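Open the model in a viewer and keep the sequence panel beside it. The tour below goes stop by stop, with something to select at each one.

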Amino acid sequence: MPRALITGITGQDGLYLAELLLGEGYEVFGLLRGQNNPKRPLVETTVPGVRLLTGDLADLSSLLRALQEAQPDEVYNLGAISFVAYSWENARVTSEITGLGVLNMLEAVRLHGGRERGVRFYQASSSEMFGKVQEVPQRESTLLWPRSPYGVAKVYGHHMTINYRESYGMHASSGILFNHESPRRGPEFVTRKVSTAVARVALGLQDRLVLGNLDAQRDWGFAGDYVDAMWRMLQQDVADDYVVATGRTHSIRDLLDAAFAHVGIDDWSGLVHQDPAFMRPAEVDLLVGDATKARTVLGWEPRVGFDELVAMMVEHDLAEQRALAGR
Ligand code: GDR
């Protein structure tokens with residue numbers, strides 16, 4: 001039975017990846033941070049087969065202990081402070097967890113004898129590293145130009161992953177994932193913020209939605225598809241870096257069009273308001289990825305398109321909000 005350790009098990013991707021690995025017959029371990037973590041019940045009910053270990057990306061010895069307990073064949077480093085807007089106000093802690101946390105995990109795998117034991121490592125890198133894009137679409141070789149403390153920290157983790165591969169011969173791969181969403185997305189991210197608000201407007205529970213920049217463009221895919229790309233990367237004989245994206249980009253306005261249309265509202269102009277509080281000090285204007293390498297080498301394809309993704313999220317939130325309102 002192959003064994004996997006996932007950091008960031010409480011997040012959207014951790015849950016989807018755990019489901020995938022359990023389905024593939026893995027023994028799955030999840031790293032949980034902190035004392036009495038409030039997300040423990042979520043993990044225990046969503047993926048009951050996962051064995052939870054405690055540890056913190058800021059604490060190397062806790063990572064070593066987790067590796068000793070889990071004895072993993074594959075390590076998926078999904079843990080991070082992942083909300084870009086938060087990273088300006090909390091640049092230091094974002095750098096320590098999202099950046100230096102990667103070094104700690106790589107170093108723990110190395111000290112654990114990862115290369116000798118054949119441990120394979122996945123780093124969750126991000127399209128935010130492209131920031132002020134130097135090429136359209138963005139591919140593995142595109143110059144990185146991050147625009148947020150979060151993006152800078154992810155660049156550090158990405159290059160450190162490559163460095164451990166090159167310095168120590170570790171099987172360490174970096175997946176440069178573009179935005180990926182689902183009904184499990186946190187409410188602070190724009191897709192879920194919109195899908196929840198649209199459901200509540202349709203049910204008469206809310207009359208307006210307040211957003212920031214409506215002109216930014218993102219390449220949005222379905223998180224369930226993207227964890228499959230992570231797994232495929234670690235099944236390769238040779239570790240490498242891959243862009244994972246749909247190749248299609250949409251603005252926040254397109255997102256609003258699709259979400260409101262799903263509940264029969266064609267003109268949302270009176271329902272959406274803009275507030276500078278949601279604007280970012282520096283914006284990533286246009287992200288669109290070229291996943292040719294992932295398609296050809298990994299045989300990976302995104303299955304869920306933009307309209308289907310938005311419909312899935314709005315439907316989920318309609319059911320959830322109805323249930324909450326009925327309580
Ligand atoms: P992003 O996701 O920063 O791309 O990072 P997010 O959904 O937060 O923002 C996407 C775009 O929407 C604009 N926007 C708003 N965003 C939020 N959150 N709230 C608003 O009210 C709002 N109004 C407009 C933003 O300005 C931005 O342009 C996500 C995260 O999951 C990262 O961890 C991951 O690395 C990248 O995707 C790939």
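From which domains does the shell around the ligand draw at least three residues each? The shell draws on both domain 1 (3–180 + 222–244) and domain 2 (187–218 + 249–287 + 305–325), with at least three residues from each. Keep in mind throughout that this is a predicted model.

**Stop 1: the two domains**

Select residues 3–180 together with 222–244 and colour them as domain 1. Taken over C-alpha atoms, the centres of domain 1 and domain 2 are 28 Å apart. In the contact between them, domain 1 takes part with 16 residues and domain 2 with 12 residues.

**Stop 2: the ligand shell**

Now select the ligand and the residues around it. The ligand is surrounded by 23 residues, and the closest are Ser82, Ser126, Tyr150, Arg280 and Glu283. Sorted by class, the shell around the ligand holds 10 nonpolar, 6 polar and 7 charged residues.

**Stop 3: polar atoms at the ligand**

At Glu188, a polar backbone atom is 2.9 Å from a nitrogen atom of the ligand. At Val190, a backbone N or O atom lies 2.9 Å from an oxygen atom of the ligand. Arg218 instead uses its side chain: one of its polar atoms there lies 2.8 Å from an oxygen atom of the ligand. Of the 710 Å² that the ligand exposes when taken alone, the protein buries 96%.

**Stop 4: from Arg218 to Glu128**

Which residue forms a salt bridge with Arg218? Glu128 does, and the closest N and O atoms of the pair are 3.7 Å apart. Across the interface of domain 1 and domain 2, the rule finds 1 salt bridge. The side of domain 1 that touches domain 2 consists of 9 nonpolar, 5 polar and 2 charged residues. The count of residue pairs in polar contact between the two domains is 1, with both residues at pLDDT 80 or more.

**Stop 5**

Hide the ligand and turn to the interface. The size of an interface is often given as the accessible area lost when the parts come together. Between domain 1 and domain 2 the buried area is about 1300 Å², and carbon and sulfur atoms give 67% of it. Finish by selecting Phe83, Trp88 and Arg147, which supply 39% of the area that domain 1 buries against domain 2, more than any other three residues.

Note on methods: Residues numbered from 1 in each chain as written. Predicted model: local features only at pLDDT ≥ 70, side-chain atom pairs only at ≥ 80, totals over all residues. Heavy atoms only, no water. Near = heavy atom within 4 Å. Polar contact = N/O pair within 3.5 Å; in protein donor to acceptor, adjacent residues only side chain to side chain. Areas by Shrake-Rupley, 256 points an atom, 1.4 Å probe, with all protein chains shown as cover. Nonpolar A, V, L, I, M, F, W, Y, C, P; charged D, E, K, R; others polar. Domains from an automatic or database assignment. Contact = heavy atoms within 4.5 Å. Buried area = accessible area lost by both parts, 1.4 Å probe. Salt bridge = Lys/Arg side-chain N within 4 Å of Asp/Glu carboxyl O.
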